[in-house]
Amino acid sequence: GNPFIARELVQVLARHGAVVLRDAAWQLLVERVPTALSAGDLDGTVRCLLATLPEDTQRVLAMAVVVGNEFWAGTLRDLGAPNVDAGLEQLVQAGLIVRRAASRYRGDREYRLTSALRRRVAYDLLPPDERRALHARVANWIARQGRTDLEDGQRLAWHLHKGGQPEQAAILLARQIGRAHV
């Protein structure tokens with residue numbers, strides 16, 4: 001089988017109290033297995049795992065996945081995520097994110113998601129209109145940081161495009177291409 005899905009299944013079962021250690025042996029308590037859990041459904045397994053998180057932590061994660069694989073505590077605060085520090089700590093403890101040693105933005109803490117699959121599943125849980133609005137707000141946050149390098153320009157253009165401003169994204173990318181050829 002797939003080691004990733006096996007790990008996700010074990011985490012879901014443990015968080016639901018469906019696996020317990022009794023007399024030095026692990027036992028499965030079938031009555032505690034989530035009904036939404038389906039063998040072979042990796043996305044469903046990840047959804048079940050995310051559903052075990054406290055509501056505020058789920059919201060922090062939802063906003064983080066919109067920002068990208070790398071994200072910053074300051075962005076989440078700017079987006080209005082609830083209880084950012086506590087949520088980030090719970091996500092670190094759950095193994096869903098890691099804190100980076102250095103940050104792209106001075107004075108802010110940078111984090112990285114540990115799984116592209118979890119990111120996609122969490123992203124897909126958000127309604128498209130909410131994703132679009134969050135992308136637009138992330139674009140505003142990036143623009144306010146004042147960086148003009150290629151990486152931030154591409155990140156800003158991507159969020160502008162996803163935030164419903166494809167023309168602005170195209171203009172920004174054209175300017176960056178022009179600067180690169182000078």
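## Ring pairs, a buried threonine and a helix pair

Let's start with Thr-57, which sits in helix H3 (residues 55-67); helices here are DSSP runs of H or I with at least four residues, strands are E runs of at least two, and both are numbered from the N terminus. Bear in mind that this is a predicted model, where local features need pLDDT of at least 70, side-chain atom pairs count only at pLDDT 80 or more, and totals for chains, interfaces and linings use all residues. Residues are numbered from 1 along each chain as its sequence is written, and side-chain values use heavy atoms, with hydrogens and water left out.

**Around Thr-57**

- Thr-57 is buried, at a relative accessible area of 2% (buried is under 20%, exposed over 50%, partly exposed in between, with a 1.4 Å probe and protein chains only).
- Setting aside neighbours within four places in sequence, Thr-57 touches Gly-87, Gln-90 and Leu-91 (contact means heavy atoms within 4.5 Å).

**Aromatic pairs**

- Searching the whole structure turns up four aromatic pairs (Phe, Tyr and Trp rings, the six-membered one for Trp, with centres within 6.5 Å; planes under 30 degrees apart are stacked, over 60 edge-to-face, the rest tilted).
- Phe-71 and Tyr-111 are a stacked pair, because their planes lie at 15°, with ring centres 5.7 Å apart.
- That pair bridges distant parts of the chain, 40 residues apart: Phe-71 is in strand S3 (residues 70-72) and Tyr-111 in strand S5 (residues 110-113).
- Both partners are tucked away: Phe-71 is buried at 0% relative accessible area, and Tyr-111 is buried at 3%.
- Tyr-105 and Trp-141 go edge-to-face, 5.0 Å centre to centre with 85° between the planes.
- This one also links distant parts of the chain, 36 residues apart, with Tyr-105 in the loop between strand S4 (97-99) and S5, and Trp-141 in helix H7 (residues 128-144).

**H7 against H8**

- H7 packs on helix H8 (residues 150-162) at about 150°, with axes 7 Å apart (axes are lines fitted to C-alpha atoms, for helices over the stretch in contact, and angles run from 0 to 180 degrees between N-to-C directions).
- So H7 runs roughly antiparallel to H8 (angles over 145 degrees count as roughly antiparallel, under 35 as roughly parallel, 65 to 115 as roughly perpendicular and the rest as oblique).
- Residues that meet here include Arg-132 and His-135 from H7, and Asp-152 and Arg-155 from H8.
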